[in-house]
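Please open the model in a viewer and keep the selection panel at hand. The stops below are arranged as a sequence of selections, each followed by a description of what is found there.

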Amino acid sequence: MKKFLLISALFFSANFLTATPGTGGYLGHRLIVGAEVSYSPFFTSIQDFYTRYNFQYGGSVNCIVSRRSQLGVNYNMWSLGGNQVFDHNLVASDRVKGMEFGMNIRTFRKKRGGIAPIGKFYDIGLNYSQNKFFPGNDNPGSSDPNYDLSKMTEIQMAPHVAFGTQMVFWNRVVANTGVRFAYPIYQKTTNAVGDFMQRRLANKEYCSVFFGVGILL
Amino acid sequence: MAISNILRLTAQGPQNNLFSIQFCHFLTLCNYHKVRSNGNFDYMNNPRLFLVLFMLLPALFFAQTPKALPNLDNYQSARSNGPLPKEFLISTAEKYEADKQKIDQAQDKKMQKAEEQFYLQTNYSVDQMRFSGEVLVNDTLSLYVNRVADSLLLKQDPELRKKINFYILRSPAVNAFTTNQGIIFVTVGLLTRLHTEAELAYVLAHEVIHFKNHHVLVGYEEGVKAQEGIGQYDETTFENRFLKRHRYARGQESEADIEGFELLLNSNYDPHAAITAFDILSLADAPFSDTTFTKSFFESNYFRFPSKFYVDTIKAIKPQNEDEDDDLATHPSVYKRRKVIVKRFGKLSGTDTTGNNFLVSESMFRKVREMARFEECAEHTAVTEFNEAIYSNYAEQKYYPHNHYLDREMIRAMYGSVIKKNKLYSLDDLSALFASLFASALEDDEKPVGEQGRLAAFIGKTDATGWNVAALNYAWEAHLRYPNDNDITLWCTGLFRELTWKNDLRMKDFEKTDSVFIAIGNKAKADTAIAKKIKGDSPEARFQAGIDHLEKDSLDHFHYWQFAFINELKDSSFVQQFRLAEQFADSIVASDSLWDEKSNREQRKIRTVKKNEFSGPQGISKVVAVNPMYVAYDDTGANQDVDVSTTLAGHDKLVGEMKASAKKANLDLQLLDSDDLDTGSVERFNDLVTASEWFDQRQNYKDNQILPYPQEKMKAMAAKYGTNYFMWSAYLTYKSKRHFTFFRILSLAALPIAPHIAYRLATRQEDVYYISIIYDVVTGKPVYVQRTEMLNQKATDARLRLHVFDLMRTLTTPKKNK
């Protein structure tokens, strides 16, 4: 997996960094360090509808690599609550905590007059996440000595595509917003609650709205 | 009145003399005594009139001795001179702020706001006009007009005189108008029609009254009241409000007519000039002359047009219809206005109504009028009114044959006309073409009007090839007369290219000897029926009869233009130019056929590469930016118009960003901007005018076409500024109401997910466009073209800054090696 990520990173960076030398960025500023929050309220389980927003928080570092592109790496984390439904209508309030590393290429749309870092953009990227299961007290498995639920983990890899708009204020502050669509292409879990975790994490990925703020360096 | 005006019109050549003026006055007197029948004079049935006319004949004979023509042998285009006036140097925003102080705070808030808006709009519009390149400052024409204004006003109201400045507007229209700021514009077209200085004085007097009585501001306020239904416009329908508003405007005009007349009466000018001034106005749409047009002007020994192109019968020029309904007009009909002044004369019994026709100088007046007529030829060409340009020039050449300036302008106009004719016809052109083709067979109503109409019909009927040959013939002759005139040489090249490229002709298509030319003439002479029609016995006359009367078969498929260059083809430089044009046309044909052979995919790819080349790095180190434009258009309010405040602020930001970004990107940027001038900047002002004119012209023609514009001027500017690269750029923002389409309504459903959608739905739609074009003004070709559309995006400062910086950086970045 690490090898895959490394190759991907090299591919993206090499391709874009050599494409247009001498890129100026915003008045010469090329680096954006920022924070991002995203949420995906609709794609949780039915019971969570309107109640869970699946907030994720994180930071990112982006570099303007060409007239219309910026390359970024990001780190996100989350703590997702979820109701696990067992037989006999038994519902347990469990939690999945995780963090992800990802990289993305943001392309500003030429037809809409976008020039990095301002304008409408589309964004493609790949995220690698590690998650850990935290059973609720009402989870029947937590008292079952056959399961060590606290050791339940999942690894996931999900490519994404996002559409949004990015602006600059006061020549320094970068803000962006948009919608992101992702689909997990690789999930590896330990048994027992694997199905729940996979579903829960996949629901988080499908569609999310993001807001980001950054500083131009 | 009809005949009087036409006679006057035909008598108004440069020799416009005492007789023509006396005659005009005589006819005016006739009108005054109502000896008209259906608008036309019947001299033969009116013995009294005939007698008076007969008595005037000695005067006619005596006065017909032409006065010396003003010498315009070395005439150069009018240009601004001297220090720039103060009002050219104060920014629009400052003028607006100063005007705002004049607003009466005691009046209704709505009217205060309207007045504020008025000052904003008028200051902006006047400044736009001032820097449009159409206004002349301290040139011979405007200095003269100001001197006439002195004669009119200095004794009567010296304080008023100090408040007003008169400028010449380079427009062929017959017009004069005033602004609330004390600027009165007089068009070149008006100057060309005048018979006396006194007439000009009356026109100025009329405009001065508009200024004195604040008609512009009051009229605007009245418009606001009419729109809002305030005051006299209360409780009435929109139509009635509209009619009332126009009645009010007509009232203002009448007031200016009468008070202006009083001003003229109290001056030393002849007050009768007020009446002849209205005669000029009634013929405002007619050219300044009605000199008979003959096709021989465009012919040479071996080049004759078929007579069928020449329309024999034309309609006479008639003045404005006397019965015209002016209910929907802002001005009363000229007929009514004139009648009021004539009546006013009736009430002046006992008052001395004599005066001078010239107070400043008669010779100066004649010079100014001739200069204005010279200028008018160029102005028609500038606005692609080629027929009018050719006719005005033709009329002036009767008095100034082989004048260098007129020759240049004639070539420009003919070249422009050739380009237009060689283009595929648009729907409008088609209707004009059909009208001219069938002109001789048309009903009286549809016949060409006046000699200018005859010339327009002639050009319309002439085939594109023949007209191209005629233009080249004319241009080459001029080239031989002025071999050092590089512009004429370049226009010849352009005409050669049109001939070979658009008309697909080669040297072999033209005869080198006159044997066939003579044979056609002899064939015509041999036919007894045709022989009778031959005027004179020259080979040219016989050839003319041949192409007019011989059957097509007898002409052996020869075209009338094929013999045009028999003499020229003996000239090696002509042959060389022709060859170069052939090579040019061949290269275009070859590249066109190569292009056609390519697949759609390949064509798309090449287009993309070319587009990227045009909008990509250029490696330019120095650029002259000409009048960068920022326009904010607001389509959301009741007045869908330019948002002047945003536009003014935006222009400052744009210019500021251009300077800052250029510095950052290491680009040597020279700004030719209206805000960048001082009193001593008249040269920069003229440069701004020249460059703006050039850009205007460039947009009318294809990239590979040589412009019918004095290219030498641009070459001189390139040398002066040390760069060939001149940039035209515009930043446009457009605000509009958001339309609630089905998609937008659907997006309401997404509000719980993305609440920021609410912001978009609640705010106005805004689109931004940024266009930059850089030309190499020496070759005349574009080197950089970037047109960015930012639809549904806000015009933020950061966006402007980024795009300007990106442009400067792209220009300085070296071109990629392929």
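This is a predicted model: local features need pLDDT of at least 70, side-chain atom pairs count only at pLDDT 80 or more; totals for chains, interfaces and linings use all residues.

Residues are numbered from 1 along each chain as its sequence is written, while chains are lettered from A and ligands numbered from 1 in the order in which they are written.

**Confidence by chain**

Colour both chains by pLDDT. Chain B averages 84, with 87% of the residues scoring at least 70. The average for chain A is 81, and 73% of the residues score at least 70. In chain A, select residues 15–21, where pLDDT stays under 50 and the model has 9 contacts beyond four places in sequence. The model scores ipTM 0.83 and pTM 0.82.

**The interface of the two chains**

Next, display the interface, in which 19 residues of chain B are in contact with 18 residues of chain A. On the side of chain B, the elements that give two or more residues are strand S10 (781–790) and helix H31 (797–812). Helices (H or I, at least four residues) and strands (E, at least two) are DSSP runs, numbered from the N terminus. H31(B) supplies the largest share of this side, 8 residues. By class, the side of chain B that touches chain A holds 8 nonpolar, 5 polar and 6 charged residues. Here Ala, Val, Leu, Ile, Met, Phe, Trp, Tyr, Cys and Pro count as nonpolar, Asp, Glu, Lys and Arg as charged, and the others, Gly among them, as polar.

**From H31(B) to H26(B)**

The axes of H26(B) and H31(B) come within 9 Å and cross at roughly 45 degrees. Axes are lines fitted to C-alpha atoms, for helices over the stretch in contact, and angles run from 0 to 180 degrees between N-to-C directions. H26(B) is therefore oblique to H31(B); angles under 35 degrees count as roughly parallel, over 145 as roughly antiparallel, 65 to 115 as roughly perpendicular and the rest as oblique. The contact includes B:Leu654 and B:Met658 of H26(B), together with B:Leu800, B:Val804 and B:Phe805 of H31(B). Its residues comprise 7 nonpolar, 1 polar and 5 charged.

**Domains of chain B**

Colour chain B by domain: the assignment, automatic or from a database, gives domain 1 (109–283 + 320–346), domain 2 (292–318 + 386–510 + 564–597) and domain 3 (606–812). The centres of domain 1 and domain 3 of chain B, taken over C-alpha atoms, are separated by 36 Å. Their contact takes 5 residues from domain 1 and 9 residues from domain 3. On the side of domain 1, these are 3 nonpolar and 2 polar residues, with no charged ones.

**Two further helix pairs**

Select helix H10 (residues 215–228) and helix H11 (residues 238–265) of chain B, which pack at an angle of about 170 degrees with their axes 9 Å apart. H10(B) and H11(B) are therefore roughly antiparallel to each other. Among the residues in contact are B:Gly219 and B:Gly223 of H10(B) and B:Tyr248 and B:Ala249 of H11(B).

Then select helix H20 (residues 486–502) and helix H24 (residues 572–597) of chain B, whose axes lie 8 Å apart at an angle of about 50 degrees. H20(B) is therefore oblique to H24(B). Residues including B:Phe496 and B:Trp501 in H20(B) meet residues including B:Phe578 and B:Ile588 in H24(B). This contact divides into 9 nonpolar, 3 polar and 2 charged residues.

**Backbone details in chain A**

Most residues other than glycine have a negative phi, and most peptide bonds are trans. Zoom to A:Ala116 and A:Pro117, which are joined by a cis peptide bond with omega of about 10 degrees. A:Pro117 lies in the loop between strand S4 (91–108) and strand S5 (119–134) of chain A. A:Trp170 is located in the loop between strand S6 (153–169) and strand S7 (173–182) of chain A.

Note on methods: Two residues are in contact if their C-beta atoms, placed from the backbone, lie within 7 Å. pLDDT is the predictor's confidence in each residue, from 0 to 100.
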